[in-house]
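Trainee: Could you go through this structure with me, one piece at a time? I'd like to see how its parts sit against each other.

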Amino acid sequence: MTIEYLLAIFLLCATVIGVCGTRLAAVVDALADRAGFGEALTGAVLLGAVTSLSGSVLSVTAALEGQADLALSNAYGGIAVQTVFLTVADLSYRRVNLEHAAASAENILQGALLICLLAILLSASYSPDITVLGVHPATLILLAGYGYGIHLTYRARRAPMWRPKLTSETREDIPEEQNEGMNLSRLLVSFLILALILGVTGWLLQRVAGALVERTGVSALIVGMLFTSLATSLPELVTTVAAVRRGAVTLAFSGIIGGNAYDTLFAAFADIAYRPGSIYHAGDGLLLFWLAIAVLMTAVLIMGMLVREKRGIANIGFESSLVLLIYIASVIILVLERG
């Protein structure tokens, strides 16, 4: 295949992901109200997992073929770029700073969980290079930590020990009447169909990304961090903006933070699929820099939810501006180091 043909397939996959993401926001919003789990938990688990499906398929497929840098850079790059998407969503929410409106115990807890999972990934790279049946112990810790974190988020919704101060701009997670009357089976079928499409698209994107690395000679780290991570993260961008426009700001925020927490599991799934040994020790050292950047960006968002600045420059708070600047600086460093 020619490079032009590969790029055409790449753009087609990105378009399919974007279209599916638009529909997915409406389906998950309705499921949150119909099933009674709330926007924060549903966004973190269902929306986060499904919008990340194409990315997880790409990382696992790359790991099966021994492409450790592509598998991990797709995961870590996705976390960084998805965090930036909150800035885009913030700009589209004209009423007030998004972190002010979406502040909740569940969202703050999801942010803290994400930092814990990122710290596990950082620790894994510096731990002894040992495996059990080809799987590093950090993988099991990561999976268990994610499961426990979701359990804590569920508890925080059912029996909250504290709540953010309610203001005139706080958007509480109150189910919409029209959603509560929708057919649950039909919603689940729509959800599964969209999930299947995103999964197949992720597999196709991996094939294209691998071919681009071979044909162009561009570093797999660059391809994964800047291209596949962006393409496979398009559902997060589309669903986040769509959710904000629907007024489901809690769903929008949790979809990103919860999706990022799920994205750390890409590394766990990739480690299981990577047969030569521990994938954490096979990746490029610059990947650790991006893990640290993800920790920094997440911490800034948590600060934003705690400070709850109503309006800043261009109607967004300090945290959105800072996250964007951190990402731009990180991309420049990546290009200078590996470009």
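Trainee: At what angle do helix α3 and helix α4 pack?

Mentor: Keeping in mind that this is a predicted model, α3 (residues 53-64) and α4 (residues 68-92) pack at an angle of about 160°, and their axes are 7 Å apart. The two helices are therefore roughly antiparallel to each other, and α3 passes α4 in a left-handed crossing.

Trainee: Which residues of α3 and α4 meet there?

Mentor: On the α3 side they are G55, L58, S59, A62 and A63, and these meet L70, A71, N74 and A75 of α4. Sorted by kind, the residues of this contact come out as six nonpolar, three polar and no charged.

Trainee: And how do α4 and α12 cross?

Mentor: The axes of α4 and α12 come within 9 Å and cross at roughly 175°. That angle is over 145 degrees, so α4 counts as roughly antiparallel to α12. From α4 the contact includes A71, L72, N74, A75 and Y76, while F253, I257, N260, T264 and A267 are among the residues that α12 brings to it. Its residues divide into 14 nonpolar, seven polar and one charged.

Trainee: What about α6 and α12, are they parallel or antiparallel?

Mentor: The axes of α6 (105-126) and α12 (residues 249-273) come within 9 Å and cross at roughly 15°. An angle under 35 degrees counts as roughly parallel, so that is the word for α6 and α12. The crossing in which α6 passes α12 is left-handed.

Trainee: Which residues make that one?

Mentor: N107, Q110, G111, L113, L114, L117, L118 and L121 in α6 meet a set in α12 that includes T250, F253, S254, I257 and A267.

Trainee: A267 keeps turning up, so is A267 buried or exposed?

Mentor: A267, which lies in helix α12, counts as buried because its relative accessibility is 1%. Leaving aside its neighbours within four places in sequence, A267 is in contact with L72, Y76, L121, I279 and Y280.

Trainee: Where is D284, and is D284 buried or exposed?

Mentor: D284 sits in the loop between α12 and α13 (286-307), and at 18% relative accessibility it counts as buried, because the cut-off for buried is under 20%. The C-alpha atoms of D284 and A68 are 8.4 Å from each other, although the two residues are 216 residues apart along the chain.

Trainee: Which residue follows α13, and what is its phi?

Mentor: R308 follows α13, and its phi is positive, near 55°. As for the helix itself, the 22 residues of α13 should span 32 Å at 1.5 Å a residue, and its end C-alpha atoms are 32 Å apart, which agrees.

Trainee: How many residues does α11 have, and how far does α11 reach?

Mentor: Helix α11 (residues 234-245) has 12 residues and reaches 17 Å from its first C-alpha to its last, which is close to the 16 Å expected. It is mostly covered, with nine of its 12 residues buried, and L234, P235, E236 and T239 are among those buried. Just after α11 comes G247, which takes a positive phi of about 85°.

Trainee: Stepping back, how many helices and strands does the chain have?

Mentor: The chain has 14 helices and zero strands. Of its 339 residues, 57% count as buried. Among contacts with a separation of 6 or more, residues 24 or more positions apart account for 87%.

Terms used: Residues are numbered from 1 along each chain as its sequence is written. This is a predicted model: local features need pLDDT of at least 70, side-chain atom pairs count only at pLDDT 80 or more; totals for chains, interfaces and linings use all residues. Side-chain values use heavy atoms; hydrogens and water are left out. Helices (H or I, at least four residues) and strands (E, at least two) are DSSP runs, numbered from the N terminus. The expected span of a helix is 1.5 Å times one less than its number of residues. Buried means under 20% relative accessible area, exposed over 50%, partly exposed in between (1.4 Å probe, protein chains only). Axes are lines fitted to C-alpha atoms, for helices over the stretch in contact, and angles run from 0 to 180 degrees between N-to-C directions. Angles under 35 degrees count as roughly parallel, over 145 as roughly antiparallel, 65 to 115 as roughly perpendicular and the rest as oblique. A crossing is left-handed if the near helix is turned anticlockwise from the far one by less than a right angle, and right-handed if clockwise. Contact means heavy atoms within 4.5 Å. Ala, Val, Leu, Ile, Met, Phe, Trp, Tyr, Cys and Pro count as nonpolar, Asp, Glu, Lys and Arg as charged, and the others, Gly among them, as polar.
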